[in-house]
Structure formats: C-alpha cells, structure tokens
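Okay, thanks everyone, let's get going.

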Amino acid sequence: MSDVEAITALGDPVRRRVYDYVVAQDHEVGRAEAADAAGIQRTLAAFHLDRLAEAGLLDVVFRRPPGRSGPGAGRPAKLYRRSAVDHVVSLPPRDYGTPAALLAEVVDALGAEGDLERVARRHGRTAGETAEGGVEDVLARQGYAPYRADGAVRMRNCPFHAVAREFPPLVCGMNLALVEGLLDGMGETGLCARMRARPGECCVEIISKNNDD
C-alpha cells in the first residue's frame, strides 16, 4: 500500500485504538489480548489487526506459547508488533529525509558534533520554556512514545530513526542534547537525561538525579 493508503487505514476509530495499543506494548500482541484491550470481539480484533498488517503498519510473527514445542504443541500463534517501516504523508510531496541525511553527513565529515549538540540543546531549552504539561506529555507530542519502567522514563520511538540508522553516534548525541535542553527549559531540575540504548527504542532515557548510577 502507499503511505496515503496506510495512514487512511487508521481512520477507523476502533482500528486506531487497536493500533495504539499494539505499538505501546513491549511485547508481541495476540488477537485475544488486542480484543480485550480495545473492548471488542476477537474476530473483529483479528480483522483490524490483519488490516493494519496489510497496510504495513504492523508486522506479523508466528510463535508457539512459551514451554510448548515439538509434536502436539499446536500451531504457532499469530502475533503482531509495530512495523519498523516509516510512513510519511505530505501533500504536495516533500522529501525531508534526503537533506537531513546530507546535512548529517556534512556534520559528521567536519567533526562538528559539538556545534550540533549546542544548537540542539538550545532548541530543546526554547521548546521547554513554552511547553505545556508534564515531561511525558511533551515527549508524547513529539512522537517519542514515552513509558515508565524501573523508575525511568523510556521512549519506544525515535523520531529521528531514519537518519539515526546511518549516523547513530551523531544523531543520538543530538537527541540527548535536545532532551537535556528540554528538561532545562521546563525547569525539571530533579531529572536528567542519559544515553541508554535499547533495541528498537530511543537511545535516551530520563531518570531522577538521585538514581543516576
């Protein structure tokens, strides 16, 4: 499907609810779990999950339940997880990914990471000074998909994923500086951002300064 068709697939409010639940989880989701979360029947959940998979918004995997293997274990369960594919809709068409990658290449070649981080920190501070709501609210609006775990605010999504794949140290350093500036601008003196990379998640997490180990 095209990006427009993929985004259109989220127009159904029930389907959007199913999608939002799946992408917010740290595990692959089955049809029964999705049905319970969305408050719908399993057959309807299956329909929406498969529609989302056809649109490229979810990936499908097949796994047997833990502890079950070999003959008689039954068929593997059909599970769903967030797709790693980016979908961007711009009318008329615009391409921001290419210049972002080119600019990142220039910064990397010139060794100007420090300048980039200073600008990112200043930009984050300015954004924090005018932000409304708490830290997690602001991060959510910026597409980070924050969640709490082990006393930290972690983020399931990297808004800069496309460029970060090509220039991970450069983009992760910029991202850290951006979040540090955001916390500073919001006056969150008891919190700090640190680098803590996890597969499939943002490279930055936020913790209390008292727990900084």
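**Salt bridges first, then a pocket**

Let's start at Arg194, which is buried, with a relative accessible area of 15%. Keep in mind as we go that this is a predicted model.

So what does Arg194 pair with? Arg194 forms a salt bridge with Glu205, and their closest N and O atoms are 2.7 Å apart. Glu205 counts as buried because its relative accessibility is 1%, under the 20% cut-off.

Glu205 has another partner, Arg154, in a salt bridge at 3.3 Å, N to O. This pair links distant parts of the chain: Arg154 is in strand 5 and Glu205 in strand 7 (residues 204-208), 51 residues apart. Both Arg154 and Glu205 are buried, with Arg154 at a relative accessible area of 12%.

Is Asp150 buried or exposed? Asp150 is exposed, at 73% relative accessibility. Put together, salt bridges with shared partners join Asp150, Arg154, Arg194, Arg198 and Glu205 into one network. For context, the structure holds 14 salt bridges.

While we're on Asp150, have a look at the backbone. Asp150 is not a glycine, yet its phi is positive, about 55°. You'll find Asp150 in the loop between strand 4 and strand 5 (152-155). Ala145 is another non-glycine residue with a positive phi, near 55°, and its place is the loop between helix 7 and strand 4 (146-149). Ala145 counts as partly exposed, at 30% relative accessibility.

Next, the second largest pocket, with about 320 Å³ of space. Which residues lie nearest its centre? Those are His123, Gly124, Ala127, Gln142 and Leu178, out of 18 lining residues. Helix 6 (113-129), helix 7 (135-141) and helix 9 (168-185) each give at least two residues to the lining, and helix 6 has the largest share, with 6. By class, the lining has 14 nonpolar, 3 polar and 1 charged residues.

A search of the whole structure turns up 0 disulfides. Cys172 counts as buried at 18% relative accessibility, and Cys203 is buried too, at 7%.

That's my tour, so over to you for questions.

How values were computed: Residues numbered from 1 in each chain as written. Predicted model: local features only at pLDDT ≥ 70, side-chain atom pairs only at ≥ 80, totals over all residues. Heavy atoms only, no water. 1 Å grid on protein atoms, 1.4 Å probe; cavity = no way out; pocket = protein on both sides within 12 Å on 5 of 7 lines; lining within 4 Å. Points joined across faces, edges and corners; volume = space filled by probe spheres on them. Helix = DSSP H or I, 4+ residues; strand = E, 2+ residues; numbered from the N terminus. Nonpolar A, V, L, I, M, F, W, Y, C, P; charged D, E, K, R; others polar. Disulfide = S-S within 2.5 Å. Buried < 20%, exposed > 50% of the residue type's maximum accessible area, 1.4 Å probe, protein only. Salt bridge = Lys/Arg side-chain N within 4 Å of Asp/Glu carboxyl O.
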